[in-house]
Structures are given as C-alpha cells and as structure tokens.
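Student: I have this one open for the first time. Can you walk me through it?
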Amino acid sequence: MTSTQYRVIGSRPVRHDGADKVTGKAIYTADTKLPGMLAGFVLRSPHAHAKIVSIDTSEAETTPGVHAVVTGKDFPNVENKMADLGEGSVNLAYLSSNCMAQQKVLYRGHAVAAVAATDVHIAEAAAKKIKVEYEVLDSVTWVLDAMKEDAPLLHADLVTDSMGDKAENPSNIPVHLHFEKGDAGKAFEEADVIVEREFKTATVHQGYIEPHAVVADYNEDGRLKIWTATQGSFTARQQTAEVLQIPLGNVLVTPCEIGGGFGGKITVYLEPTAAILSKKSGRPVRITMTRADVFEASGPTPGSFMRVKIGAKNDGTMIAGEAWLAYDAGAYPGGMIGPGCMCVFSCYDIEHAVVDGYDVCLNKPKTSAYRAPGATQVAFATEQLVDELAAKLGMCELEIRQKNAVKEGSRRVDGPVYPPIGLEECLQAVQNSDHWNTPLEGPNRGRGIAAGFWFGCGLKSSAACTVNSDGTINLLEGSTDIGGSRTSIAMQLAEVLGLEADDINPMVGDTDTAGYTDVTGGSRVTFATGMAAYEAGRDLQQQMKTLAADLWDCSADEITVGEDGSFTGGDKTVGFKELATELFQAGEHLVGRATVSPECPTNGFGAQIADIEVDPETGKVTVLRYTTIQDAGKAIHPSYVEGQLQGGTVQGIGWALNEEYFYKADDTMANASFLDYRMPTMLDVPMIDTIIVETGNPDHPYGVRGVGETPIVPPPAALANAIFNATNTRMTELPMSPPKLWKAMQSNQTSE
Amino acid sequence: MSASKKAHVTTTINGESTDFLCEPRHSLLEVLRDNLGLTGSKEGCNNGNCGACTVLLNGRPVDSCLVLGVEVEGAEIETVEGIACSSNLHPVQQCFLEGAALQCGICTPGFLVASKALLDKDPNASEETIRFDLSGNLCRCTGYDKIVRAVQAAGQQMSAEA
Amino acid sequence: MATVFIPAQLRELSGGVQSVEIEARNVREIVDQLDEMFPGFKDRICTDGNISPSLQVSIDSIMTSRGMIAKVKPQSEVHFIPAIGGG
C-alpha cells in the first residue's frame with residue numbers, strides 16, 4: 001500500500017468535459033458540420049469471398065446530387081511493407097485494401113466503392129446503382145477449417161512466418177509462434193495430476209455505441225483535414241498518409257469526442273475513402289458507418305480454438321503447462337495471437353511450459369484489439385482448468401490460485417520476469433471480501449472465481465502546460481478522452497503543483513498542436529500521459545525556480561519546492577499561484593512541457609467473484625452478485641477506476657453469456673444489429689461491486705498501473721466456473737448462451 | 001431516387017415553437033440533427049435498438065430514429081438540450097456528473113432523457129424499475145452500475161425538492 | 001556479461017542452446033554477436049537492419065522501443081518477444 005497522503009489524487013472531482021456531455025453540447029464526429037459538406041455512403045460486398053470481375057460506376061456518377069464516386073482504382077498502390085504505427089505494426093498493402101477492396105473481397109461488408117452526394121439518401125441510392133460483377137469463391141469462417149491444406153486461400157502470396165523462417169507453400173496461416181520454458185514434456189511425466197481440455201470462443205465485437213465516423217476536407221493546396229472518432233489521432237494521421245501516399249505533414253487529424261473504442265477505433269477504415277471523395281468533389285465529406293457496417297466491416301476480436309493442459313503435484317504446485325492456440329486474424333494477417341500466447345499462463349508460476357500459437361486468416365472482417373486483446377480467450381481455458389485441478393486435488397479453488405500465483409521474480413512463458421506485481425494481493429482481497437465470506441445458497445446456484453492479467457503498456461505521450469496570469473493552467477495533451485482521462489491527467493498535474501483539479505483546463509489537442517502521443521489504449525493513458533503531465537509540472541517548477549531566484553535575489557539552488565507545490569527561498573514560502581502571478585506581473589510567462597516514453601509494462605492483475613443461478617428449463621444464466629477486484633497501483637480518480645472495472649466486467653459478462661457472430665451457411669453474418677447481437681442491457685446485470693487494490697507501481701511517480709483492460713479478462717472463466725458449480729456441467733465453448741448451456745446440461749445428464 | 005416533396009411541420013421543441021421542412025422519409029432524429037442543429041440526440045443504430053436518440057414526444061420517451069419528422073406535427077418534443085433549466089443543470093444531469101455515470105458520453109443524452117421521464121413519473125423508482133425502464137438504452141462503457149445509482153440519487157433529490 | 005535468451009523458435013540455429021552470455025553495450029552488438037555464433041540469426045529477427053516490427057526487445061523486463069540502439073547493462077537479461085499492443 002502506498003501510504004503517501006495526496007490532496008487531489010484519490011479524490012473524485014467532476015470531469016472537466018462533464019457539463020458538455022450531459023447537455024448535448026459535446027461534439028462527436030457525426031455532429032461536425034462544415035459548409036458545403038457532402039454525405040458519403042460506402043457500398044460493401046454481399047459475399048464472404050469473391051473475385052471482383054468488374055465495377056461499373058457510370059450510372060451512379062450521373063445521378064443528380066452525386067459529386068464523386070471512388071473505387072479501389074482511386075487508391076494509390078502502396079508497398080507490401082510493414083509500418084510501425086506506434087502501437088503494433090501493420091502491412092500497408094493490407095491496410096489499404098481493407099479500406100477499399102482491390103481485386104478480391106475477403107468478407108461480407110468489405111468496401112468496394114463509395115459515393116459522395118448532397119444527402120446520404122441520395123448517396124445510398126446512387127451507390128446501389130453501381131454494378132459490381134463478382135465471381136463468388138469458396139469461403140471459410142472456422143479457424144480450424146481455415147488451417148487445412150485444402151482450405152480456400154485468402155491471399156495467394158501468404159506463407160507462414162515462424163519467427164523469420166518462411167514456409168514454402170502459401171496457406172491461411174501468416175504466423176506461427178512457439179514458446180518454451182524449461183522442459184514441459186518431462187514435467188508432465190512427473191506430474192501427479194493432469195487436466196486437459198479443448199475450448200472454443202466466438203468472434204465478438206467491442207460494441208461501442210458510436211459508429212465509426214469521419215469528416216475529410218481536402219484543400220486545393222494538398223492539405224488534408226480529418227475530423228474523426230479515433231483512439232489515436234497520431235496513428236490515424238500516419239495510417240491515412242501512408243494509405244494515400246501523401247506527406248505526413250499534409251494531414252491534420254482533429255480527434256472529436258469519441259463514443260467508445262475499446263481497441264476497435266485504432267485502425268482506419270473510412271478516413272482514406274472520405275479523403276479521396278473530398279479530393280474528387282472539392283467539398284468536405286462526412287461518412288458514418290451504419291450499425292450493420294460496424295459489425296460487418298470494422299474490427300471485431302478473434303474467435304478461437306484452444307487446447308490447454310496443466311500438470312500439478314499432489315501438493316497443488318503447478319509444474320507443467322502446454323497450450324495450442326489458433327486465433328482468427330480475420331481477412332488480413334495480424335490478429336491477437338501473440339498476447340494470447342503470452343497470457344495463457346500469465347497468472348501462474350509454472351516452471352515448465354510450451355505454447356504454440358497460430359494467427360489464421362479467414363473470411364471475417366480483419367480483427368482488432370478489444371480490451372486486453374487475446375487474453376480473455378485464454379483465461380477462459382486456463383482458469384477453468386485451474387478449478388478442475390483444485391477439484392481433483394481436493395483443494396479450494398482460491399487456495400490453489402494463491403499457491404501458484406505469480407509474484408515479483410516469476411518468469412513469464414515468453415521469458416521476462418515480473419517486477420513487483422499485485423496478484424497475490426488481489427487474491428487476498430478475494431479471501432477477505434464480504435462476497436467470498438457470504439455463503440451462496442439455493443438450488444441451481446453457483447459461485448466461480450477467476451484471475452486475470454494484462455500487460456499495460458507505456459508508449460509515448462506529451463503534455464504542455466501554459467500558465468495563465470492568475471496561476472491557473474491550460475493543459476494541452478494528445479490522448480483522446482474516452483472515459484474521463486482529461487481529468488485523471490489534470491489531477492496529476494494539480495497534485496504536483498499544489499493546485500486543485502479545477503485550476504487546470506485540460507484540452508485534447510489535434511496533431512498540429514499536441515506533442516506526439518500514442519493511442520488511448522493499452523491501459524496507458526492515466527499512466528503515461530499522466531506521467532507526461534507530472535513531468536511538465538516539474539519542468540514548470542524548474543523554470544519558476546530560476547526566475548524566482550532573480551525575483552528574490554538568491555540562487556536557484558537555494559529555492560526548494562515542497563510536497564504541496566510551494567516554493568521556499570530564504571525566509572519566503574509562496575504557493576504556485578502566488579509565484580506564478582508574481583512572475584507574470586514581472587513580465588515572465590511560463591510554458592512547461594514534457595515528453596515521456598515509459599517502456600515498462602504496468603502489469604495489471606485482477607480477480608473476480610461471480611454468483612449465478614441457472615434456469616434448468618432454459619439454460620439461462622442470471623448473474624446474482626459480482627465482485628471485481630483489481631490492482632490499480634494507485635487510483636488517481638477512484639470513480640473512474642471503478643467505472644473501468646465495472647464496464648470491463650459487464651463487457652466480459654456479455655462475451656461470456658450472449659455475444660457471438662452467427663455465421664450463415666454462406667459465411668455471412670446473421671446478426672449484424674444490436675438487437676440480434678444482444679449486448680447486456682441494464683436488466684441483464686446486477687450492481688458490480690469493486691475492490692481497488694493499490695500495490696503502487698514503482699515505475700510511476702504516483703504508483704499508477706493501467707486498469708482499463710484487465711477487467712474483461714476473468715468474466716467468462718469466472719462465470720463458467722460458477723456454472724459448473726451450479727450445474728456440474730463444464731462449459732468449454734463461448735458464449736454460454738441458453739441453447740448451448742441447455743444442450744450441454746442435457747448431454748451431461750445423459751452421460752451421468 | 002429523386003428527393004420527395006418536402007412537408008412543412010410545425011411543432012414545439014424544448015418549449016419553443018419550431019417549424020421545419022422535411023422529406024417524408026426523414027426520421028425525427030435526422031430532422032433534429034441535420035435540419036435543426038440539435039446534435040445532442042445521438043445515432044447509435046438507427047433502428048431503435050440502442051436508445052441513444054431518445055427524446056420525449058408528448059412526454060413519452062421514444063427512439064427518435066423510429067419516428068418520422070412528418071409525424072410530429074403539433075407535438076411537444078423535449079431533447080437533451082432542453083433538460084437543463086437555463087444555467088442550472090437538472091438533478092439527473094448533476095447526479096450523472098457527480099456519480100461518474102458517464103464515460104464516453106455517447107449514450108448519456110438518451111439515458112438522461114429516459115431517466116428524467118421515469119423520475120418525473122416515479123422519483124422513488126426502485127432499482128428493479130429503473131433497470132426495467134431503462135433497458136432500452138444501451139451503454140457499453142459503464143456496466144450500468146453508476147447509471148442506476150445516479151438515477152436513484154437524482155430521484156431522491158427530486159422528491160426532496162418536490 | 002548480459003544473459004541473452006534464444007527464442008524457442010531460433011534454437012534450431014543455436015543447437016538447442018537456450019541462453020548465452022554476451023558482452024555488449026547495446027542490442028546491435030548482441031544481434032551481431034549472435035549472428036556470428038549462430039549464422040542466420042540476424043535474418044530471422046531483423047528487417048532492413050532493424051528489429052522486425054512484429055518483435056520487441058525486452059531488457060530487464062522493459063519493452064524497449066529503441067530497437068538496435070537500446071542500451072544493455074552488464075547484468076542485463078535480454079529477450080526477443082512478439083510485440084504487443086492493447087485495446
């Protein structure tokens with residue numbers, strides 16, 4: 001526990017952008033209106049896999065009200081090369097053809113053409129007059145089928161890369177990963193108990209309520225202005241410039257308020273298309289996706305097949321692990337298999353382990369990150385096996401986790417060792433919790449627990465603070481604010497300077513004004529951009545010491561800054577505001593700045609407890625009580641930490657119990673609407689109790705760890721364990737929806 | 001498809017008499033956002049699944065994406081822009097802010113309008129009633145916990161003031 | 001001497017050796033020496049002379065973005081692992 005007493009950190013001020021967001025004044029991308037703006041509509045493939053034989057746009061182009069039409073031909077050729085996009089890398093040729101199909105469509109919803117017109121209805125009607133001749137090809141949407149030698153090939157030139165070793169023949173498997181720690185084969189021979197199962201999970205979507213949207217305005221001088229819903233304006237700028245093959249400096253990206261992202265608003269989909277439409281028409285163009293487009297043509301997160309095996313000694317020590325994982329990449333390479341492999345045993349100190357992972361292309365939209373990408377799937381597998389081990393050994397499921405929990409010095413399966421981390425503390429919090437200590441009674445009821453982990457990254461952030469004449473501060477930063485981060489960043493600056501949160505006016509800048517800042521993702525913003533704000537505050541204090549030295553006629557070394565932000569020199573002690581005002585009156589004006597790129601993962605661990613009741617007639621699961629526990633390092637704004645815990649948990653509950661891409665026989669999605677995809681409503685979930693553990697992160701001035709992602713990791717596993725305890729039925733497939741659970745319960749009864 | 005002839009519609013929006021021209025196919029949501037510049041009501045799905053476009057039509061919450069502009073002739077409409085009284089936030093807005101009941105904020109206008117309608121009717125609504133009544137509004141960020149609590153807190157404040 | 005772990009997928013080059021001790025100031029020197037010890041090593045982890053974008057280097061559990069120029073201390077532990085992002 002961090003014992004330092006803070007004034008601002010740990011309090012719960014109202015967010016700076018709050019009033020705008022409760023009065024309807026906040027401007028999201030679709031609310032942006034420019035003079036002469038046209039509406040764009042994207043025509044999309046009705047087929048899962050097809051060759052484009054021809055596209056005839058003539059009738060659309062002559063439709064009254066239509067100002068521009070684009071197809072793949074309007075996109076420049078881009079090199080088949082990998083570009084580092086700050087957070088992960090992408091093959092530019094794939095990125096471009098995902099924005100607009102070239103010779104082939106690879107999934108239903110793949111963009112083939114777009115129209116800009118005076119009204120979206122005119123654009124839509126005109127787009128439907130575009131004649132696309134397709135030659136329909138065989139398609140595949142199940143990961144194991146896509147791996148077969150005779151599977152329909154999505155990319156003729158794609159070969160498997162096994163860490164730089166390229167296979168000879170093309171396949172749908174762009175990447176094979178393999179990790180080994182110790183000697184797993186031998187360790188399994190020495191194990192007293194072994195558990196092994198196969199698991200499947202469905203493709204799921206981030207489900208942000210705001211559809212993707214963009215406004216592009218291509219000036220005659222070659223300057224391209226973009227307003228967009230993005231988690232990262234700088235990566236959106238780079239991707240757009242690369243796809244369009246124009247200089248980076250010609251592109252200005254202004255991040256609007258963003259209606260949710262969860263990892264799904266990092267890749268660009270619409271920006272290049274809107275830019276080309278704007279260039280051709282000479283007018284600004286706005287495109288918003290329909291909800292069906294969002295499901296079918298943005299970036300859901302991978303479905304998976306997993307086989308996991310764990311061996312333990314009779315005393316409960318886990319000694320051997322083995323995992324074979326195949327994750328959907330979607331239509332283009334680059335899924336979430338890496339972190340899947342690295343997270344499968346991330347919570348347990350298993351001395352010997354071997355993990356194989358495959359990234360697999362198939363006829364679904366290109367997958368994207370979704371909160372702890374790749375980790376929820378493997379936790380569903382591993383955390384159930386841990387329960388099974390405990391049962392076989394006659395141990396309590398909490399005790400076996402506590403016995404094997406990773407701690408400082410434990411080695412991950414991919415090699416690195418953990419610095420100080422907080423899984424043991426989270427499990428202790430489970431043990432101490434009111435929830436754990438309250439017996440669950442009644443028929444068809446069960447309790448389950450699960451642990452979870454996400455790395456949390458640092459990456460690059462910048463902050464600049466301009467001091468006003470009254471000592472208040474305008475804080476310019478570049479992290480798009482999806483959940484109150486302006487305030488949690490401002491609070492860190494306020495703390496270091498001895499100000500109140502209200503004294504800071506935080507502003508999310510565009511790519512021309514803010515210093516380079518990586519995406520709002522990876523659980524990094526409060527950690528890294530908060531650190532940048534802290535350092536910018538320190539920079540200000542340094543400058544003020546130098547200037548005050550002149551004012552007070554002493555040397556800068558003689559001036560000290562107290563923990564409350566006050567400056568002391570000689571017999572004088574003044575607060576930040578007082579000194580700032582004094583300096584302003586003396587003709588000085590101050591701008592503090594900082595750039596940071598912390599490189600240490602912040603290692604967010606958590607554990608959750610779920611109580612459920614199963615309706616034996618229908619297989620419907622009702623969540624009765626839920627507790628989410630997480631090590632936040634230090635909670636800057638506890639309400640927003642709780643909000644991350646609760647929101648991530650409920651997304652995980654949806655993933656566990658309902659959400660799924662249903663594919664029809666022709667490999668097209670059957671449920672591309674909110675009604676049919678069925679995310680949790682308010683009525684589907686109880687209150688989500690939270691317990692924030694604070695172990696303090698030594699790599700951050702206030703001890704912050706990223707919290708955004710880990711909460712989605714444990715729910716499917718915790719609920720599966722609860723379902724087992726309620727029904728004696730082990731669910732190995734997600735979602736555990738009523739028909740699937742009912743069927744499993746029936747076959748379980750038959751086999752008993 | 002050529003644009004159809006526009007209809008002239010007279011209505012009251014947030015207490016002000018308003019008239020507009022719209023095509024028969026234009027939804028109330030499109031009219032509010034595109035014709036009248038009231039972009040507080042959000043489009044999340046355009047088929048009545050998410051509730052982000054909720055407005056009050058003659059006091060009843062409706063998904064404005066499912067109502068045609070021409071249908072509101074003579075009606076009274078209240079949108080999120082009309083909830084606050086001049087410079088004072090409504091208790092439900094204040095409680096959403098203080099209770100951190102919003103994250104990205106895109107669903108918030110719909111929730112506020114639907115919550116206000118519920119609390120005007122029943123300021124002491126139980127958790128169960130709140131969850132039932134607001135289940136047509138989707139939020140993907142908060143897990144709903146803080147929204148339910150904010151609505152309860154606002155209800156208490158409203159009963160105390162009544 | 002830094003301890004450099006050979007990724008499991010490259011142990012075919014190292015004859016099964018799992019880690020080696022290398023005297024180096026930065027990642028470039030490590031990669032060059034590994035390539036001398038185990039010919040072909042550099043090709044497997046580098047693209048255009050830099051660490052491949054799909055990989056990152058972990059030095060003492062820190063995921064450096066500095067690639068070849070990242071500093072290595074005498075007692076450092078070095079791994080080559082897949083790059084990870086987040087949501």
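Tutor: Start with two helices of chain A: the axes of α11 (residues 375–393) and α20 (residues 715–727) come within 8 Å and cross at roughly 35°. Axes here are lines fitted to C-alpha atoms over the stretch in contact, with angles from 0 to 180 degrees between N-to-C directions. Helices are DSSP runs of H or I, at least four residues, and strands are runs of E, at least two, numbered from the N terminus. This is a predicted model: local features need pLDDT of at least 70, side-chain atom pairs count only at pLDDT 80 or more, and totals for chains, interfaces and linings use all residues. Residues are numbered from 1 along each chain as its sequence is written, with chains lettered from A and ligands numbered from 1 in the order written.

Student: Which residues of α11(A) and α20(A) meet?

Tutor: Among them, F380(A) and E383(A) in α11(A) meet residues including A720(A) and F724(A) in α20(A). Contact means C-beta atoms, placed from the backbone, within 7 Å.

Student: OK, whole chain. How many helices and strands in chain A?

Tutor: Chain A has 21 helices and 30 strands. Its C-alpha atoms fill a box of roughly 85 × 75 × 50 Å along the principal axes.

Student: How many residues of chain A are in contact with chain B?

Tutor: 45 residues of chain A, against 45 of chain B. On the chain A side, the largest share, eight residues, comes from α18(A).

Definitions and conventions
Two residues are in contact if their C-beta atoms, placed from the backbone, lie within 7 Å.
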